[in-house]
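Keep the viewer open as you read.

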Amino acid sequence: MDLDLQALVAIDVHVHVEQDLHGHLSMDDELLAAAAEYFKGEPYHPTVPQIAEDYRSRNMAAVVFTVDSELTTGHPTLSNEEIAESAAQHPDVLVPFGSIDPARGTAGIRAARRLVEQHGIRGFKFHPSIQAFEPDDRRHYPLWAELESLGVPALFHTGQTGIGSGLPGGRGIKLRYSDPMLLDDVAADFPGLTIIMAHPSVPWQDAAIAVAQHKANVYIDLSGWSPKYFPPQLVRAANTFLREKVLFGSDYPLIRPERWVRDFEQLEIRDEVKPLIMKENAIRALGLRRT
């Protein structure tokens with residue numbers, strides 16, 4: 001059974017797979033511990049079937065992915081193919097995304113097409129700070145062109161990151177790669193590519209709002225922060241001129257959807273805007289009504 005879009009109460013567009021079916025974790029112990037400390041939570045690394053069960057119990061759907069960081073961290077990346085195949089067993093609640101380090105070049109481009117055409121991948125997650133690349137670097141344009149041709153969205157981490165937070169030198173992870181203004185060129189040069197900027201983009205929140213307002217193909221997901229800490233200009237924009245451009249995302253398992261929703265309910269968001277943020281905008285951004 002595929003997604004019942006009418007019955008779902010929400011679509012969480014930002015859910016991390018941190019453990020595969022063989023017990024392998026997505027990052028090394030030091031980075032996982034630093035992230036857990038940053039988010040003030042207990043370590044929790046559910047598998048894809050466990051994620052499906054968790055979201056099914058909430059009548060929510062989830063976009064699930066890992067981050068391909070092997071080239072920069074040395075830690076083996078979880079298999080995109082396994083995530084896709086496992087998610088395919090739960091099509092009523094899971095939407096599988098892949099992740100490819102742009103540094104993989106031509107091999108990464110071929111992998112993207114194979115993942116979409118043969119494994120049912122519905123989009124791709126990128127983390128410029130962890131993967132150490134500038135999105136507007138012309139060397140990566142062939143990959144963006146491939147995603148545009150495939151008709152699948154690209155979700156980019158923006159702003160601060162809990163990965164490496166508090167470690168000496170942040171474990172070498174550089175925040176500047178995640179400036180949302182680096183996505184403005186990409187959005188302009190690939191108008192057929194849907195771009196989702198993940199998270200409140202602190203310290204560049206105004207830049208993210210400007211890009212999302214200016215470029216019809218750019219959205220913002222609201223993951224990674226409890227809504228009670230959202231910058232006030234983001235709340236204003238979500239309530240007004242960006243009401244059709246912002247998406248519910250939690251950053252599960254580091255932030256659970258129930259906590260996010262509870263805090264979101266305390267914001268002064270108009271009643272007619274809430275269903276747009278929780279579900280309707282995601283349906284459009286992800287192209288879910290096409291299938």
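First, what counts as a cavity here: on a 1 Å grid over the protein atoms alone, it is a set of points where a 1.4 Å probe fits but cannot get out, and lining residues have an atom within 4 Å of a point. Grid points are joined across faces, edges and corners, and a volume is the space filled by probe spheres set on the points. You're looking at a predicted model, so to speak of local features takes a pLDDT of at least 70, side-chain atom pairs count only at pLDDT 80 or more, and totals for chains, interfaces and linings use all residues. Residues are numbered from 1 along each chain as its sequence is written, and side-chain values use heavy atoms, with hydrogens and water left out.

Searching the whole structure turns up 2 cavities of 30 Å³ or more.

The largest cavity has about 300 Å³ of space. Its lining takes in 24 residues, with His16, His127, Thr161, Ile163 and Asp251 nearest the centre. Strand E1 (10-16) and helix H1 (29-39) are the elements that give two or more residues to this lining.

Next stop, helix H4. Of its 8 residues (80-87), 6 are buried, so the helix is largely enclosed by the rest of the structure. Buried means under 20% relative accessible area, exposed over 50%, and partly exposed in between (1.4 Å probe, protein chains only). The buried ones are Asn80, Glu82, Ile83, Ala84, Ser86 and Ala87, and they pack against helix H2 (48-57), strand E2 (60-65), strand E3 (94-96) and helix H5 (105-119); contact means heavy atoms within 4.5 Å. Where H4 starts, a side-chain oxygen of Ser79 comes to within 3.2 Å of the backbone nitrogen of Glu81.

Over in helix H7 sits Glu146, buried at a relative accessible area of 15%. Beyond neighbours within four places in sequence, Glu146 is in contact with Ile109 and Arg113. Its side chain makes a polar contact with that of Arg113 at 2.5 Å; a polar contact is a pair of N or O atoms within 3.5 Å, where within protein one must be able to donate a hydrogen and the other to accept it, and residues adjacent in sequence count only if both atoms are side-chain atoms.

Finally, the backbone. The Val202 to Pro203 peptide bond is cis, with omega near 10°, and Pro203 lies in the loop between strand E6 (195-198) and helix H9 (205-214). Another cis bond joins Tyr252 and Pro253, with omega about 5°. Ala132, not a glycine, has a positive phi of about 55° and is partly exposed at 40% relative accessibility.

Note on methods
Helices (H or I, at least four residues) and strands (E, at least two) are DSSP runs, numbered from the N terminus. On a 1 Å grid over the protein atoms alone, a cavity is a set of points where a 1.4 Å probe fits but cannot get out, and a pocket is an open set with protein on both sides within 12 Å along at least five of seven lines; lining residues have an atom within 4 Å of a point.
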